[in-house]
Amino acid sequence: MNRVSKTVTILLLCLLLTGCWDRREINDIAFVVGTALDKEEDKYRVTLQITIPGMLAGSNGGGGGGDKNPWFLKSSVGETVRGVTLKEQTSTSRKLYFSHRRALLVGEAMAREGIAEALDSIGRLPENRLSALPVVTEGHAYEVLNGEPTIEQYPGEVVRELVFSYLSKPWTLKTVVNLMLEDGIDPIMPLVETVDSVPEKIDKPHKNIGVGGLAVFRGDKLTGIIKKQDTHGILVAMDQARTLELPITVPRGEGKIFFLIRSNHTKIKPIVNGEDVRFHMYTGGRMSITTNESNFDTNNENNIIELEQKMNEYMKAKITQDLKLLQKYNSDALGFGRIIKTEKPQLWSKLRERWYEIYPNITFEVEADYRLENNGAATSPFAVEEEDIAE
């Protein structure tokens, strides 16, 4: 009897097994690997980059939108982002599938108007994974998504790899949404653009994709674009500089020496006097010499000390200068307000409503402490006579 009861119980439990009732066959899916959002007058343009599975294996990429591309674009215009996506589904023979999306590109015009509604539409569907990397483009986002990759198979992957090479901890969609909802800090995203691969007189140029700098926000609205050469200090202050190589003029002699910052760490502390707030910023780490394009001798301990001092002076000035651009655009991307909120909550309750009036005028005290650990295998400058070396 016990055996019969067990058998019946097992059979009844089998009825509760769902199996693969919601399975999706790969032949029925259109994989979306990149999305571009643009604003055109009072409407939205949504451009989807969809892979062609049969052409992915063994494809070498190649640009121009020709037959060799293992992807194609679908683009439509409508009054809402979700409405346009549904419209594009009606003209696609397979089910649009967004779980493999690598990057979300937002055009400059749309970013300036605000991205909250678009991100809300994306974030509510489970298949829209928030691990995709958001970027802002100068001009139309669909133009970047139609770039001509030469190494990667499709532009969406190019954007993702560029962001990972530019930032040590890239911001995902989830990060950006959290920053938009949190007090005392604003979102910030990489800026990408199209660039010609070679001069036209050398070869037919490809429309390549590159990092152009940073796009800074106040809330969900873009307030300014900072070019790449002016972002070094910001990335160091945020501990986001992945591989940062900088030149400085040598203390004596002629030429420049290039330094690579291998690691850095930044600490920010508020200094409060009543309702007057300023900040002390300490940044330090390890660096090495990558190129010596000068006649300065690095085989001298006293010279090494001078180089460290020169580099630290440069970093101090660079960080101070670049942070002023964030203040110019009234974007608290470093989260100075959040630091006050965390360490001085009573003061933050007084400053919160007036923070964006106070923030553009706050001052910083920057302390830089970088140590040179490696000056390379060559101790003296190449192709410089011994008597010409500045000791």
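Which residue takes a positive phi in the hairpin of strand 1 and strand 2? In this predicted model, glutamate 41 does, with a phi near 55°, and the hairpin has two residues between the strands. Local features are reported at pLDDT of at least 70 and side-chain atom pairs at pLDDT 80 or more, whereas totals for chains, interfaces and linings use all residues. Residues are numbered from 1 along each chain as its sequence is written, and side-chain values use heavy atoms, with hydrogens and water left out.

The protein chain contains 13 helices and 13 strands; these are DSSP runs numbered from the N terminus, with helices (H or I) of at least four residues and strands (E) of at least two. Of its 391 residues, 46% are buried, a term that denotes under 20% relative accessible area, against over 50% for exposed and in between for partly exposed (1.4 Å probe, protein chains only).

Strand 1 (residues 29-40) is mostly covered, with 11 of its 12 residues buried. Strands count as paired if DSSP finds at least two bridges between them. Strand 1 pairs with strand 2 (residues 43-51) in the antiparallel sense over eight bridges, and leucine 37 has valine 46 as its bridge partner in strand 2. Strand 5 (residues 103-107) pairs with strand 1 in the parallel sense over four bridges; there, leucine 105 is the partner of alanine 36. Strand 4 (residues 95-97) also runs parallel to strand 1, joined by three bridges, and its tyrosine 97 stands opposite phenylalanine 31.

The largest nonpolar core has 94 residues, among which Phe279, Leu323, Leu334 and Phe336 touch the most other members. Such a core is a set of buried Ala, Val, Leu, Ile, Met, Phe, Trp, Tyr and Cys residues joined through side-chain atoms within 4.5 Å. Helix 10 (residues 301-328) supplies the largest share of this core, seven residues. Not counting residues up to four places away in sequence, phenylalanine 336 touches several residues, including Phe279, Leu323 and Trp355, where contact means heavy atoms within 4.5 Å.

The whole structure holds 19 salt bridges, each a side-chain nitrogen of Lys or Arg within 4 Å of a carboxyl oxygen of Asp or Glu. In one of them, glutamate 157 meets arginine 102, with the closest N and O atoms 2.8 Å apart. Glutamate 157 lies in helix 7 (residues 155-166) and arginine 102 in the loop between strand 4 and strand 5, so the pair ties together parts 55 residues apart in sequence. Glutamate 157 is buried, at 11% relative accessible area, whereas arginine 102 is partly exposed, at 27%.
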